[in-house]
Amino acid sequence: MSRPANKSTTVVDSGFSSHVVALACQMVDGGGNNESMHVCARVCMVDEYENIIFHVFVKPPIPVPNYSGIGGEHLRDGMPLKQVQRRIEEFLCNGEAMWKIRSPKAGKARILVGHHLHPLLQSLHLQYPSFMIRDTAAYPPLMKTNKLSNSLKYLTQTYLGYDIQAGVQDPYEDCVATMRLYLRMRNQVHQREDYPLASDPRNRNNFAPSRQSELERMSPEAMLAISRSDYYCWCLDSM
């Protein structure tokens, strides 16, 4: 697995062809006056073919005494946070206004893949529509329980068969792992349904209390036939 050079690098412009991108950050601890904040110090983005599209060290907007394996000179000479935000938004929106984004299948905006993306986006002071996000920490088939996530290290070992994060965190390595997990889940072959989600109005009466007597007489096969997923399956992205 090739890794980005140990320098700030913007690799491509926002017009590349991939409709899916993965994002990962290397964090440093001890930011702020009370030294309790986590600060994004290094950002990497890859496309669905694992090509690096953005790799940069981020100049901290607040004092950071602990560089956590990152050379202080990289951060002092890093890209300002507002500029990083602007570039990431350009990659994600792909020329489409944020307020116009309505669906991953319509328009030009890209699907965002990552692990624990909510705190990551918070650290970058970024927002992105939830229906455009594919988070390997929050996808039910990849979770330990319905409320407890698995680590990216565990998921990579279990589903992809190799180890990551053996030393200092490498955001490129994390990007590649999350993208491979996403593609593996997206490429699963499931029975195609016209209305695959339980939340669709056409499916809301499938298990209504008024049908209890009818449901009790159904075979397991018939029950399965009218069952629908209560989460968005990533295989729908390939439809």
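Reader: What is the order of elements in the protein chain from the N terminus on?
Author: The model is predicted. From the N terminus on, its elements run β-β-β-α-β-α-β-α-β-α-α-α-α. That gives 7 helices and 6 strands.

Reader: Why are Leu152, Leu155 and Thr156 of helix α4 called buried?
Author: Buried means under 20% relative accessible area. In α4, residues 152-160, these three residues are the buried ones, so each of them falls under that cut-off.

Reader: What puts them on the same side of α4?
Author: The arc they cover. It spans only 100° around the axis, which puts them on the same side of the helix.

Reader: What do the buried residues of α4 pack against?
Author: They pack against α5, residues 171-186. Contact here means heavy atoms within 4.5 Å.

Reader: What comes just after α4?
Author: Glycine 161, with a positive phi of about 80°.

Reader: What makes the largest nonpolar core a core?
Author: Two tests. Its residues must be buried and nonpolar by the list used, and they must be joined through side-chain atoms within 4.5 Å. The largest such set has 56 residues, so these 56 pass both tests. Val43, Phe54, Ile88 and Leu124 have the most contacts inside it.

Reader: Which elements supply at least two residues each?
Author: Among them are β1, β2, β3, α2 and β5. Helices α3, α4 and α5 do too. The largest share, 9 residues, comes from α5.

Reader: How much of the protein chain is buried?
Author: Buried residues make up 44% of its 239 residues.

Definitions and conventions: Residues numbered from 1 in each chain as written. Predicted model: local features only at pLDDT ≥ 70, side-chain atom pairs only at ≥ 80, totals over all residues. Heavy atoms only, no water. Helix = DSSP H or I, 4+ residues; strand = E, 2+ residues; numbered from the N terminus. Buried < 20%, exposed > 50% of the residue type's maximum accessible area, 1.4 Å probe, protein only. Arc of directions from axis to C-beta.
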